[in-house]
Amino acid sequence: MKPQRQRSLALVSSAFIRFYVRLKSTKARPTAPLGSRILTNPDDIFKHNMWDHVQWTKEDQEAARQKAEENSSIRLPLKEQGKFSTDACQYWDQFYEAHQDKFFKDRRWLFLEFPELLPSSAEEKRTNACRSHQVAAEPASSSSRTNGETGHSAAEPNETIRQISSFPGQHASFRILEVGCGVGNSVFPIVNTIKNTHSFLYCCDFSPRAIQLVKDHLDYDDSMCHAFVHDICEEAGSFPFPPQSLDVILAVFVLSSIHPQRVQRVVNQLSTYLKHGGVFLFRDYGRYDLSQLRFKKGRCLSDNFYTRGDGTCVYFFTKEEVHDLFSNAGLEEIQNLEDKRLQVNRGKKVAMRRVWMQSKYRKPPLPSPS
């Protein structure tokens with residue numbers, strides 16, 4: 001093994017060990033993806049705060065459907081709905097002004113659910129994906145390859161990057177973008193784990209206040225992280241990096257805040273920035289989550305889309321909708337899960353059903369030249 005390769009693997013291994021030690025010391029979530037605490041005896045329900053992989057009966061599903069149908073029976077008048085799109089940035093800016101960085105906890109579970117955020121894991125999976133797509137072919141030149149479908153010459157991603165002017169993170173071998181980063185609850189767990197791995201993290205939010213809070217954080221390091229204000233719903237908006245330059249895009253509880261009629265266009269645009277073989281990681285609210293069923297009448301904007309009291313909005317996805325969303329953007333499914341849990345308030349003896357979506361979709365590798 002080449003010394004440079006050995007050094008790179010050692011750095012990544014060291015980063016993962018540091019993350020794992022921190023995770024154990026904070027008694028965070030179990031190491032199995034999506035959790036492994038299964039409720040087998042109903043009498044044990046109040047022994048823990050959360051139970052994983054909870055099965056719903058037909059009665060449970062029907063009761064939730066009826067509750068959602070009831071709370072959406074009275075909708076906000078159309079003439080009042082426009083402000084929730086036009087003034088969305090203002091509402092979130094006010095949210096961060098009120099809560100600063102105290103509302104959400106750091107997502108230290110990220111690398112357990114999404115190991116693709118670790119450079120070594122992502123590179124290995126992308127290499128395997130590329131091999132699975134390979135067919136017998138003639139050797140290609142070092143600077144270009146032929147697109148097997150059109151016969152036109154298409155520049156390699158690295159060649160495209162070399163042809164444009166410099167940009168933040170240009171020399172990194174592994175690049176991550178988090179959209180809707182808020183005040184950095186995913187940013188800093190990532191930054192503190194990918195140090196010294198030749199990786200670079202971009203993070204954006206349309207709230208200037210949120211981005212300023214990220215930049216003011218003690219762990220913010222512009223040599224490996226670039227935070228910037230950006231509205232991913234703006235078609236004319238540009239990113240500080242070229243197309244096909246990202247290995248991973250991360251969207252955690254972000255797409256649900258966008259009007260469902262605009263989400264497909266957002267995913268389509270973001271996907272153009274993924275390298276072939278790059279991965280889009282997604283986690284968000286699922287249909288009939290407790291938070292959907294708690295809405296009062298008059299807060300519904302459209303089917304399964306609501307506005308909260310502070311003006312921010314939320315949509316609740318199904319597995320089928322998530323699959324269509326990413327497949328229509330030309331991405332291949334790796335994982336598409338409905339994460340159903342039972343959250344327990346042991347003090348009040350209350351059990352609450354939570355539903356989240358967790359998905360991974362990959363941009364297909366380029367076909368081998370023919």
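This is a predicted model: local features need pLDDT of at least 70, side-chain atom pairs count only at pLDDT 80 or more; totals for chains, interfaces and linings use all residues.
**Entry 1: the pairing of β5**

**Entry 2: the sides of β5**

Are the residues of β5 buried or exposed? I found seven of the seven residues in 199-205 to be buried. I noted that F200, Y202 and C204 point one way, while S199, L201, C203 and D205 point the other way.

**Entry 3: the nonpolar cores**

I next looked up the largest nonpolar core and found 39 residues in it. L177, L255 and F326 have the most contacts inside this core. Among the elements that give it two or more residues I listed β4, β5, β7 (246-252) and β13 (350-362). Helix α11 gives the largest share, four residues. In general, nonpolar side chains in soluble globular proteins tend to be buried together.

Which residues does F326 touch? Leaving aside residues up to four places away in sequence, I recorded L255, V267, F280, F282, L331 and Y361. Apart from this core I found another, of 27 residues, including L118, I176, V214 and C225.

**Entry 4: the salt bridges**

I found 13 salt bridges in the structure. I examined three of them.

E116 and K360 meet through their side chains at 3.2 Å, N to O. This pair links distant parts of the chain, 244 residues apart: E116 lies in the loop between α6 and α7, and K360 lies in strand β13. I noted E116 as buried, with a relative accessible area of 3%, and K360 as buried too, at 7%.

For D339 and R341 I recorded 2.9 Å between the closest N and O atoms. D339 is buried, at 1% relative accessible area, and R341 is buried at 5%. I also found that D52, R283, D339 and R341 are linked in a network of salt bridges.

Last, I looked at E69 and R65, whose closest N and O atoms are 3.0 Å apart. Both residues lie in helix α2, residues 58-71, at a spacing of four residues, about one turn of the helix. R65 is partly exposed, with a relative accessible area of 31%.

Key: Residues are numbered from 1 along each chain as its sequence is written. Side-chain values use heavy atoms; hydrogens and water are left out. Buried means under 20% relative accessible area, exposed over 50%, partly exposed in between (1.4 Å probe, protein chains only). A nonpolar core is a set of buried Ala, Val, Leu, Ile, Met, Phe, Trp, Tyr and Cys residues joined through side-chain atoms within 4.5 Å. Contact means heavy atoms within 4.5 Å. A salt bridge is a side-chain nitrogen of Lys or Arg within 4 Å of a carboxyl oxygen of Asp or Glu.
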